[in-house]
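Please look over the sequence and the fold shown below before reading on. The paragraphs that follow treat charged side-chain pairs and then a helix packing.

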Amino acid sequence: MAHSYFNLSEVLISAERYDEVPAIFKKTEPLVKEIEDPAGSAEFDFLKAQYYMGTGNYAKALEKIESYIEYQKESGSMSKVPNALRNKITIHEELGEEGLALETYRELDLLSQRIYREASSARAAELAASFRFQQKMREIQLLSNQNLELQEAKTTIEKQYEELLEIDSKLKKANELLEKQAEIDPLTGLLNQKKMYPITEREINRATRYGTPLSMIMIDLDNFKSVNDTYGHLQGDMLLKNVAGIIRASLRKVDFVFRYGGEEFLILLPSSDLQMASFTADRLREKLAETTDPKVTMSAGVSSWSGEDATQFIQKTDHLLYEAKGRGKNRVEFQKGS
């Protein structure tokens, strides 16, 4: 029952139906306490933080996020901390606390590097284990071929087989972690082009199946080269991280944002028509112009899916972006006649 209320709360918060959330929280609170599950309590705190962020109560949101981060660190669940840190960054940026936002960006960057190093070390260890795996297989074959007492041979083989299953399980987990790392842009933490096409194709299939709209925004930061030339590439990288955080924080949970390349970003908006997508692009354009430091503007192309494949859909949106760039930049061009 508690999980059902959790899911319902997430749906309401994602839909920005905040006035309905307190009633669900009131029902969830006693169930969470009754279960006495620290992990569940931590996740409930994080859900509350999302609600407080949505309603502008940033002080309470920060309190819940800090509690959540502390618990995950103590329990060793470091993979859950980056998302909480991104929420902290969004709050500090909303409050104009650029220094705290930058400090949290650095903490997020260090943590991401640490997680990546640990994953790489785990992969190296599992590769060594794979060699031992082959050795043990040969040992089993030799034992089977030798004229030994049958029961002793059987016991040895069963024990080694259990070890092999354990090694195989660790290898699978390490491969899954590395595959996930390969789908994330290391600078911005956004999905990369490797995931862009399969996700776009999946959402096209979903839109076809259910008859729902699907829109796309292609963004390019205006005159970004001048930022690198004036402030240096490190500041340029920090600006890209900042922009990625602003974009992600400004979208719904069901939306997807990818780093398309360089200073270009692609946003996929399921269940959004052209008008909604154009509004979102304009809102992002205004927000970036107001909150980035150094100041940067964006141009964007916006289109809705109308039967083409993923590649054509992206090319169509990219063409609209270049129209926006050609018409003076700091503007949004959207698909006409839709």
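**Salt bridges and a helix pair**

Glu-333 is buried, with a relative accessibility of 2%, where buried stands for under 20% relative accessible area, exposed for over 50% and partly exposed for the range in between, computed with a 1.4 Å probe on protein chains only. The model is a predicted one, in which local features need pLDDT of at least 70 and side-chain atom pairs count only at pLDDT 80 or more, while totals for chains, interfaces and linings use all residues. Residues are numbered from 1 along each chain as its sequence is written, and side-chain values use heavy atoms, with hydrogens and water left out.

The partner of Glu-333 in a salt bridge is Arg-327, with the closest N and O atoms 3.2 Å apart; a salt bridge here is a side-chain nitrogen of Lys or Arg within 4 Å of a carboxyl oxygen of Asp or Glu. Arg-327, at 51% relative accessibility, counts as exposed, whereas Glu-333 counts as buried. Both residues belong to a network of salt bridges that also links Glu-323, Arg-331 and Lys-336.

Glu-308 pairs with Lys-316, their closest N and O atoms lying 3.0 Å apart, and Glu-308 is buried at 14% relative accessibility. Glu-183 and Lys-195 meet through their side chains at 4.0 Å, N to O. Because Glu-183 sits in the loop between helix 7 (150-182) and helix 8 (193-210) while Lys-195 is in helix 8, this pair ties together parts that are twelve residues apart in sequence; helices are DSSP runs of H or I with at least four residues, numbered from the N terminus. Glu-183 is buried, with a relative accessible area of 15%, and Lys-195 is partly exposed at 22%.

Turning to helix packing, helix 3 (residues 38-54) and helix 5 (residues 81-94) pack at an angle of about 20°, with their axes 12 Å apart; axes are lines fitted to C-alpha atoms over the stretch in contact, and angles run from 0 to 180 degrees between N-to-C directions. Helix 3 is therefore roughly parallel to helix 5, a description that applies to angles under 35 degrees. From helix 3, Phe-46, Gln-50 and Met-53 meet Asn-83, Ala-84, Asn-87, Thr-90 and Ile-91 of helix 5, contact meaning heavy atoms within 4.5 Å. The residues of this contact divide into four nonpolar, four polar and no charged, where Ala, Val, Leu, Ile, Met, Phe, Trp, Tyr, Cys and Pro count as nonpolar, Asp, Glu, Lys and Arg as charged, and the others, Gly among them, as polar.

Methods. Helix = DSSP H or I, 4+ residues; strand = E, 2+ residues; numbered from the N terminus. Parallel < 35°, antiparallel > 145°, perpendicular 65-115°, else oblique.
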